[in-house]
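Here is a short tour of one model, taken piece by piece. Please keep the sequence and the 3D view open as you read.

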Amino acid sequence: MEQGSKGQGKKEPLELLRSHNLRVTPQRLEILKQIQRTEDHPSATELHRRVRRKFPNISLDTVARTLEQFAKIGICRWVEGYDDVRRYDGMMERHHHFHCIRCKRILDVRPEALEEPPLPSLRDERFKVIDFRILLEGICKKCMEREQDP
Ligand SMILES: [Zn+2]
Ligand SMILES: [Zn+2]
């Protein structure tokens, strides 16, 4: 699996498709642009809603399959799930996540924002640790504000 630590950066969508030998279609480009643009880790259904603004006839199935394909070749990634729905992340640089336990939003946390502990040197013969991600949990600003003024 592609790890973000190398930091593939945000290549131009067109270039990215070409470098993975994917046929460039306007629909694929749009899906890729949408996933790269978002910071809210949308599901395929949500991305479908956004892509449909430009391509009203595109099916959910097409969007879902395209996202699967992107994730498999490492130009976007699956977010560790908190619901049954699979969510996608277009940010390939190493980063952590904040999960709001109220609204279920997942926000990106840059590694610089955290005092990162060193790589765990676990003595475990089942695996060797090469990277880790931190999952923060709590209540986001929006939810806090909502709870303060009812
Ligand atoms: Zn929230
Ligand atoms: Zn993320």
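Which residue of E4 does His97 stand opposite? His97 stands opposite Asp108 in E4.

## About the model

This is a predicted model, in which local features need pLDDT of at least 70 and side-chain atom pairs count only at pLDDT 80 or more, while totals for chains, interfaces and linings use all residues. Residues are numbered from 1 along each chain as its sequence is written, and chains are lettered from A and ligands numbered from 1 in the order in which they are written.

Helices (H or I, at least four residues) and strands (E, at least two) are DSSP runs, numbered from the N terminus.

## The sheet

Let us stay with the strands. E4, E3 and E5 form an open sheet in the order E4-E3-E5, with mixed pairing; two strands pair if DSSP finds at least two bridges between them. Strand E4 (106-109) and strand E5 (135-138) are the edge strands, each pairing on one side only. Direction ignored, neighbouring strands of this sheet are turned by 25° against each other on average.

Strand E3 (residues 96-100) runs antiparallel to E4, and four bridges join them. Here Phe98 has Leu107 of E4 as its bridge partner. The two strands form a hairpin with five residues between them, and Lys104 in the turn has a positive phi of about 70°. E3 and E5, by contrast, run parallel and are joined by four bridges; Cys100 stands opposite Gly138 in E5.

## Helix H2 and its cover

The 12 residues of helix H2 (residues 26-37) should span 16 Å at 1.5 Å a residue, and the end C-alpha atoms are 16 Å apart, which agrees. The expected span is 1.5 Å times one less than the number of residues.

Glu30, Ile31, Leu32, Gln34 and Ile35 of H2 are buried, that is, 20 or more other C-beta atoms, placed from the backbone, lie within 10 Å of their own. Their cover includes helix H1 (13-19), helix H3 (44-51), helix H4 (60-73) and strand E2 (87-89).

## Where H3 meets H4

H3 and H4 pack at an angle of about 115°, with their axes 9 Å apart. The axes are lines fitted to C-alpha atoms over the stretch in contact, and angles run from 0 to 180 degrees between N-to-C directions.

Ala44, Thr45, Leu47, His48 and Val51 of H3 and Leu60, Val63, Ala64 and Leu67 of H4 make the contact (C-beta atoms, placed from the backbone, within 7 Å). These residues divide into seven nonpolar, two polar and no charged; Ala, Val, Leu, Ile, Met, Phe, Trp, Tyr, Cys and Pro count as nonpolar, Asp, Glu, Lys and Arg as charged, and the others, Gly among them, as polar.

Methods. Buried ≥ 20, exposed ≤ 12 C-beta atoms within 10 Å, placed from the backbone. Contact = placed C-beta atoms within 7 Å.
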